[in-house]
Amino acid sequence: MSNDTNHHTDKHSGDVNYLNFEKGFMSWWMSIDHKRIGLMYLVSMIFFFAIGGLLALVVRTELMKRGQTIIDNDTYNMAFTLHGVIMIFLFIVPGVPATLGNFLLPLMIGAKDVAFPRLNRLSYWVYVFGSFFAFLAIYFKLDTGWTFYSPYSLRNAPAVMSATMAAFVLGFASILTGVNFLVTIHKMRAPGLTWDRLPLFVWATYATALLQVIATPIIGITLLLLFLENAFGIGVFRPDVGGDPVLFQHLFWFYSHPVVYIMILPAMGIVSEIIPVFSRKPIFGYKAIVWASVGIAAISFLVWGHHMFVSGMSDFVRYLFSFLTFFVAVPTAVKVFNWVATIYKGSVEFTSPMLYAMAFVFLFMIAGTTGIHLATLATDAHYHDTYFVVAHFHYTIQGGAVIGLYAGLHFWFPKIFGRMYNEKFAKIAFCLLFIGFNGTFLPQFVLGMMGMPRRYADYSTFSNVDTFEYLHFISTCFSYINALGYSLVLVNLGYGAVKGVKATANPYNSLGLEWQTPSPPPHDNFETIPVVTDWSYGYGEEYSDHDHNGNKKVVAKPA
Amino acid sequence: MSHHETLPAGHYHHLEPEQAYHSAKLAMWIFLATEIHLFGGAFCAFAFFRWRYFDDFNHYAGQLNWQLGALNTLVLLTSSWAMVRGVDAAQKGLNKLCGRWLIVTIILAFVFFGIKAIEYSTKLSHGIYPSTHIFWGLYYTMTGIHALHIAVGIGLIYWLYLLTKKERFSTVYYTPVEVIGLYWHLVDVIWIFLFPLLYLLGGVGAGAHH
Amino acid sequence: MLDWILEIFDFMPVEASSWASRVDYINNVITVISVFCTVAITFVMILFAWKYRRKSENQKTAYITHNATLETIWTIIPTIICFVLFYFGYTVYHEMRNPPVGANEVFVKGQTWYWDFQYANGKKSTGELVVPVGEPVKLIMTSADVLHSFFIPAMRVKEDMYNGNYSYLWFTPTSSGTFDIFCTEYCGTQHSGMTAKLKVVSKEAYNDWLNEKKDPSAEPVLPEVTGKAIYTAKCAACHSLDGSKVVGPSFKGIYSGAKHVLQDGTEVVVDDNYIRNSIANPLSQIVAGYPPVMPAFQLSEDELIGVISYMKTLK
């Protein structure tokens, strides 16, 4: 008897759900239940998030004062490299799809599991396997930055080979998830769940899965070429034998720009789910949000060159990429307007998921509008590779993707664990996190304007070092508050998962399909496959004489 | 003991057989798209460097043994044909016949390996390594990744063969044979692009040059 | 008033180049638009959320699903803003990428972890770039090893460089003084120590500095003298100086900016990178009508600078 198949033993006895229907480590490790896999991903990712976060604190502490303070240059270079590699490849790229996506996708489309549960489990195993290579890279003292730019990345072959192998293997996990989700969404929607009724989180996951399968193979071949360059010296990225380091950058960013949207699109999907529920209003402009998601996914493949404005591309290509980059701003702006319009004339409840969602809108506005500084050629010449960029992408990735993930974790927490966290504590933690985050990265915009280059272990030779030191000091102090906020969130959620008050099946009176099954859901999600008759955003429809297509309702008059 | 153990492998408790079949095919097509992207990156690099080092690339392409390359193309095409016969037999529920065709496919794959090994060892014995020139770096990389795909294919087809031994396939269930067949054809198609690109373009380009 | 608003968020360093004030102006416009949008959106969001906060469980809400007019408007307006910003960014950047003829040329070589500079008269300096105020300077840059990037915050310019290739940037300093130069492409242990100083001085001081001789015996050799020697030894057999066609194209007036048609039909204007590449990899860009027979030459960075400087003297 294999472990993944013996789940029907006591299906009908009282309080049995996916968390407790089997016990023991192997019942989790061997599980093909999408909910358990999502949870395992979540725990592993938070582990790496903590390591990456500690490395960030090391980096910030070193920069707090001028000169060498706690670590030497080489250690500093390793610290920021590993912070990037771990946060990107092990935390935020699998990110929302692997955790909440895995958990929610089948629940939201009324299916019993994803299309290929074993493939799903394989994806998690591959992820764990890939993470070992990342540790190997640490052992070999990887210090290239997470971007692995050649020819610097040809100087420490064992470290770079380990890191590229890690990213390559993790890419496989990403592709497997993407293929699985695409097929699941295409083939396994409950009867009546047409494309125009699909929840926006599912749409976002769909757009993300498309990006995963289209973009990830490119980083695969790129890192494979870099691996072989290090192993055999094939020459393609090695300028002294006629190879081209800029080619590496093209191939690298052809993936690594779309991957930003792999991170952010699901977070946008989460916000699109949360705001209607706590505003008791239909999402405003459903179709526009869907098209914006797909549009962002499409445009994201045409803009990678903005990472290379000063890398040595021809001038015409620089103009072209700048022009194209501006188009990303439009669908993202549309989404922001739609979220705000959803709140209008609603009935707003300030729960912690709602606070996170509103914080997301604010932080993402900052991320998006500072992106305009970087898309504009004249100003990018100054900002490129400075702290302005560092602050910008932390607003995008931490302020966007991570805050979005945390919004979703708080929102679906009662569904996942069947218990509630402490709401008051959650709000305190949120405030610390929010203040800490802004206090860390707003000064970095100023540092960037002043010309502070990124990846610098020290700034004591700068002419106006006092101002730089002052701003670095503020940034570091707030980074501790930020870290404290994250720790409190984890303590609160961890305690709530085990000891929290029991939650009902649908504590927010949400119309989403995932809330129409017990909390936590049973192993098979639904006793019977539900039949969907309407979209899941019909809040307040009972007060209106129109349905969501604008058609007048036919109301039977009382006789 | 649980109910889906009694169903053929690949059928899950939450999917109707029809749905499972179409899902598996869709998944394989998406996966093949990712494979094309993987090789696409290498093709881009090849195109870029061929444009930059046009004469070098023509010169080195001329050193490849196009007769052996052509022979290997023939071998792979034949193996694809054998695979098609295997799929056809599986669809008719003829497990034994299917197994035979799968073995033919595997044998041809090993013939491909043999010829490839001759080519590699000849080049290496002449002192031509991946580091000799970017052309050779890309030649070894691209044919190497392709060979890796052949090796994976051999493993998968052998697994199918074991399933035919267990009489697993029937007129209503032959999904694995069909999707792995798709994979095998893609590996074949990629070679059909690699062969002219690496072996034949040299002659044409060089001719145009003089 | 407008200026005051624009400069609230201006933390840019001192404006010391001809376009610095224009870059800052664009930057300030973008910043003010950004801050305005962010504050406005956030304000409206909080206003709505507070005004429509839940006061009772049965609070009625408006069933609004979409509004085509509104959505069209807020799609079109950001699009227009983006076009305008692109255009402004483009115009100034276009100037940044097109150095004027006759700019003072300085060759820059980045290596782990310091900067070497070589001036028109062969003078060399390390860690200190000296230029005259008010005159355009063009930096022709390469790297001896890994990627580096040359960044002068006060001039608002930045460009990467890599081994075996020339990249360039230019600027016209408008005020005297000493400014920071940073390497902004990560390059290893001492990346943060790979800084240099830009000294902008008066024309007289510049000339004095250029011609000062610390050690009379080590008088700098003019690069074009080195270049001429290399030409005589290695190039003269095939490339004439008088416009006559020998084996390869003549070098006469080769830097005039005229277009050359290559064998594959593309047109090129001879620049530093073209020459560099033609020496290292001649067959990659054969001029139409000439046989592909030139062998590759391995020249040192100094020799390359010599040949290029010499060719620029051939009017």
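Chain C contains seven helices and 12 strands. The model is a predicted one. The C-alpha atoms of chain C occupy a box of roughly 95 × 50 × 40 Å along the principal axes. The radius of gyration of chain C is 27 Å, whereas a compact globule of 315 residues would have one near 20 Å. Buried residues make up 35% of the 315 residues of chain C.

Helix H5 of chain C spans residues 223–235. Its buried residues are C:Pro223, C:Glu224, C:Gly227, C:Lys228 and C:Cys235. These residues lie on the same side of H5(C), because they cover an arc of only 135° around the axis. A general rule of helix geometry applies here. An α-helix has 3.6 residues a turn, so residues three or four places apart point the same way. The buried residues of H5(C) pack against helix H7 of chain C, residues 301–313. The face turned away from the buried side of H5(C) carries C:Thr232 and C:Ala233, which are exposed.

The largest nonpolar core holds 323 residues. The members that touch the most other members are A:Ala163, A:Val271, A:Ile274, A:Phe360, A:Val361, A:Ala407 and B:Leu138. Helix H7 of chain A, residues 200–232, gives the most to this core, with 22 residues. Leaving aside residues up to four places away in sequence, A:Val271 touches A:Trp339, A:Ala357, A:Phe360, A:Gly404 and A:Ala407. In soluble globular proteins, nonpolar side chains tend to be buried together.

Chain A also meets chain C. Here 77 residues of chain A are in contact with 68 residues of chain C. On the chain A side, the elements that give two or more residues are helices H3 (73–92), H10 (286–299), H11 (315–343), H12 (352–375), H13 (377–383) and H15 (423–450). H11(A) gives the most to this side, with 13 residues. By residue class, the side of chain A that touches chain C divides into 42 nonpolar, 24 polar and 11 charged residues.

Notes:
Residues numbered from 1 in each chain as written. Chains lettered and ligands numbered in written order. Predicted model: local features only at pLDDT ≥ 70, side-chain atom pairs only at ≥ 80, totals over all residues. Buried ≥ 20, exposed ≤ 12 C-beta atoms within 10 Å, placed from the backbone. Helix = DSSP H or I, 4+ residues; strand = E, 2+ residues; numbered from the N terminus. Arc of directions from axis to C-beta. Contact = placed C-beta atoms within 7 Å. Rg over C-alpha atoms; globule rule 2.2 N^0.38 Å. Core = buried A, V, L, I, M, F, W, Y, C linked by C-beta atoms within 7 Å. Nonpolar A, V, L, I, M, F, W, Y, C, P; charged D, E, K, R; others polar.
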